[in-house]
Amino acid sequence: VPTTPRALPIQPVPPPGAAAPSPQRSSGLRITLAPPAAGPDGSLPAGGGPFTMPIQIADAADVATIALSITYDPAVVRAPTVTQGSFMMQGGVMVTFVPSVNAAAGRIDIALSRPSARTGASGAGLLAAISFTAGTAGTAEFTVTGVATTPAGQSLPMQFTPARVAVR
């Protein structure tokens with residue numbers, strides 16, 4: 001029975017003395033919600049506040065736009081407000097910052113863009129901060145989802161780290 005020749009995959013070999021190429025990280029930029037400092041029992045006092053929860057970004061490369069949606073329990077967290085951080089302002093660029101709070105539904109939407117910039121923001125820093133008061137006793141899970149793009153409109157991979165706030 002005649003056999004058909006098959007092509008075998010060829011693995012490139014670096015020249016002698018050259019380092020092998022390192023695999024590129026494709027995990028993407030990271031968004032982390034940092035819960036506010038809690039009392040000795042690990043919780044916030046009911047009715048207390050205001051408390052601030054920073055929204056940090058890390059491992060970012062060439063971010064031109066970012067949109068985040070954050071959900072939480074509106075009975076445990078009340079009266080949230082959102083302020084802009086400095087990360088997207090790199091290079092003195094004017095930033096469009098549009099926060100939207102739906103306190104009844106427990107949802108915060110944040111949109112940031114660098115419309116006049118030719119390059120995106122890179123590195124790590126503060127995207128925004130959420131200030132709130134503690135409501136009734138319970139635990140609020142802050143979950144975050146979102147999208148980010150480069151100045152060319154390419155989607156950037158993202159990882160999210162949620163936060164938990166306990167109120168007693």
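Ser-69 counts as buried in this predicted model, because its relative accessibility is 17%, and buried means under 20%. Ser-69 belongs to strand β3, which covers residues 65–71.

**Around Ser-69**
- Two side chains make polar contacts with the side chain of Ser-69: Arg-107, at 3.0 Å, and Asp-109, at 2.6 Å.
- Setting aside residues within four places in sequence, Ser-69 is in contact with Arg-107, Ile-108 and Asp-109, and also with Thr-143, Val-144 and Thr-145.

**Around Ala-140**
- You can find Ala-140 in strand β8, which runs over residues 138–149.
- Is Ala-140 buried or exposed? Ala-140 counts as buried, because its relative accessibility is 0%.
- In sequence, Ala-140 and Val-77 are 63 residues apart, yet their C-alpha atoms are 7.0 Å apart in space.
- Val-77 is one of the contacts of Ala-140 beyond four places in sequence, along with Asp-73 and Val-76.

**An open sheet of five strands**
- In which order do the strands of the open sheet lie? Follow the 5 strands as β4-β7-β2-β1-β9, and note that their pairing is mixed.
- At the edges are β4 (77–84) and β9 (158–161), each of which pairs on one side only.
- On average, neighbouring strands in this sheet are turned by 15 degrees against each other, with direction ignored.
- As a reminder, strands of a sheet pair through backbone hydrogen bonds, and they may do so in a parallel or an antiparallel way.
- Strand β1 (residues 29–33) pairs with β9 in the parallel sense, over 4 bridges.
- To see this pairing for yourself, look for Leu-29, which stands opposite Met-158 in β9.

**How confident is the prediction?**
- Averaged over the chain, the pLDDT is 87, and 84% of the residues score at least 70.
- Where does pLDDT stay under 50? The stretch is residues 4–26, for which the model has 4 contacts beyond four places in sequence.

Methods: Residues are numbered from 1 along each chain as its sequence is written. This is a predicted model: local features need pLDDT of at least 70, side-chain atom pairs count only at pLDDT 80 or more; totals for chains, interfaces and linings use all residues. Side-chain values use heavy atoms; hydrogens and water are left out. pLDDT is the predictor's confidence in each residue, from 0 to 100. Contact means heavy atoms within 4.5 Å. Two strands pair if DSSP finds at least two bridges between them. Helices (H or I, at least four residues) and strands (E, at least two) are DSSP runs, numbered from the N terminus. Axes are lines fitted to C-alpha atoms, for helices over the stretch in contact, and angles run from 0 to 180 degrees between N-to-C directions. Buried means under 20% relative accessible area, exposed over 50%, partly exposed in between (1.4 Å probe, protein chains only). A polar contact is a pair of N or O atoms within 3.5 Å; within protein, one must be able to donate a hydrogen and the other to accept it, and residues adjacent in sequence count only if both atoms are side-chain atoms.
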